[in-house]
Amino acid sequence: MKTSARMTLVVVLAVLALVGTVPSGEAKGPTDVAVSGPGVDNVQVTYTGRPDDVDAGTLGDASRLYDMWSPALLGPAPDLSADELGPRYVLTWTAGPHGGEPAGGADVVVQHAYPFAEGGAWVEFPPDQMMWGSPIAAGWVDAPRLRRELVALGAVADVAQPALAEESPSVTASDASGQGPADQDDGWSSYRVAVPAGVLLAVAVVVGVIVARRRRLSR
């Protein structure tokens with residue numbers, strides 16, 4: 001009985017040791033990822049081994065990377081406009097040779113992520129991608145946990161927009177804006193000059209008539 005228990009313990013320890021020597025990322029597929037998008041400038045993410053960090057493991061789970069092997073889990077694009085989807089982030093995953101395959105060029109899998117989409121984050125697997133010589137699934141899947149991971153990397157919801165040109169003022173507005181206090185004062189000044197001048201001219205005419213009549217009478 002004791003011998004059997006010892007053998008079981010040895011086997012368990014051997015299995016645990018073997019599992020511990022295989023990085024989890026290599027067992028699952030891609031092991032590192034480059035992330036780019038607004039606020040995240042091609043950040044390289046690998047397995048850090050720290051549960052409180054954003055690493056390739058937590059990011060792969062949050063982006064539902066491993067659904068690429070399950071076409072039934074992916075669907076059509078959500079019924080959202082480009083504005084409702086929000087800014088796009090590109091996750092470029094890299095994976096080395098699989099199993100006993102000879103070393104060669106690394107495989108690449110790309111995901112398009114929309115962490116700030118209305119109603120929750122979405123991820124797209126673009127079509128016509130391959131890994132280890134086999135096609136992977138294409139389609140969309142919701143990824144509610146992805147926003148937190150990308151925000152931790154620096155993702156921002158509000159993308160700066162170029163300054164809009166000022167609207168051209170209407171004709172009426174132009175006329176109104178062109179008539180400042182100086183312009184209005186010019187009109188009033190002309191009126192103030194014209195009225196006294198007219199009065200003086202009338203007085204001069206009357207005086208002239210009176211003078212002329214007196215001269216006639218004096219003759």
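## Terms and model

Two strands pair if DSSP finds at least two bridges between them. Helices (H or I, at least four residues) and strands (E, at least two) are DSSP runs, numbered from the N terminus.

This is a predicted model, in which local features need pLDDT of at least 70 and side-chain atom pairs count only at pLDDT 80 or more, while totals for chains, interfaces and linings use all residues. Residues are numbered from 1 along each chain as its sequence is written, and side-chain values use heavy atoms, with hydrogens and water left out.

## The sheet

Four bridges join strand S5 (residues 122–125) to S8, and the two run antiparallel. Here Val123 stands opposite Val141 in S8.

Six strands form the open sheet, in the order S2-S1-S3-S4-S5-S8, with antiparallel pairing. Strand S2 (40–45) and strand S8 (139–142) stand at the edges. Each has a single partner strand, so one side of each is left without a neighbour in the sheet. From one strand to the next, the twist averages 20°. Axes here are lines fitted to C-alpha atoms, for helices over the stretch in contact; angles run from 0 to 180 degrees between N-to-C directions.

Ala34 stands opposite Gln44 in S2. The hairpin of S1 and S2 has two residues between the strands, and in it Gly39 takes a positive phi near 90°.

## Helix H5 on the sheet

Helix H5 (residues 146–153) packs on the sheet. It touches strand S1 (32–37), S2, strand S3 (89–95), strand S4 (107–114) and S5. Contact means heavy atoms within 4.5 Å. The direction of H5 makes about 105° with that of S2.

Gly154 follows H5, with a positive phi near 120°.

Glu149 of H5 is buried, with a relative accessible area of 3%. Not counting residues up to four places away in sequence, Glu149 touches Val54, Thr58, Leu59 and Ala62.

## The nonpolar core

A nonpolar core is a set of buried Ala, Val, Leu, Ile, Met, Phe, Trp, Tyr and Cys residues joined through side-chain atoms within 4.5 Å. The largest one has 32 residues. Those with the most contacts inside it are Val35, Leu59, Leu146 and Leu150. S1, S2, H3, S3, S4, S5 and H5 each supply at least two residues of this core. S3 gives the most, with four residues.

Leaving aside neighbours within four places in sequence, Leu150 is in contact with Val35, Val40, Leu59, Tyr89, Ala113, Pro115 and Ala155.

The whole structure holds three aromatic pairs (rings of Phe, Tyr and Trp, its six-membered ring, with centres within 6.5 Å; planes under 30 degrees apart are stacked, over 60 edge-to-face, the rest tilted). The rings of Trp69 and Trp132 have centres 6.0 Å apart and planes at 15°, so this pair is stacked. Trp69 lies in the loop between H3 and helix H4 (82–85), and Trp132 in the loop between strand S6 (130–131) and strand S7 (134–135), so the pair ties together parts that are 63 residues apart in sequence.

Trp69 is partly exposed, at 36% relative accessibility. Trp132 is buried, at 19% relative accessible area.

Notes
Buried < 20%, exposed > 50% of the residue type's maximum accessible area, 1.4 Å probe, protein only.
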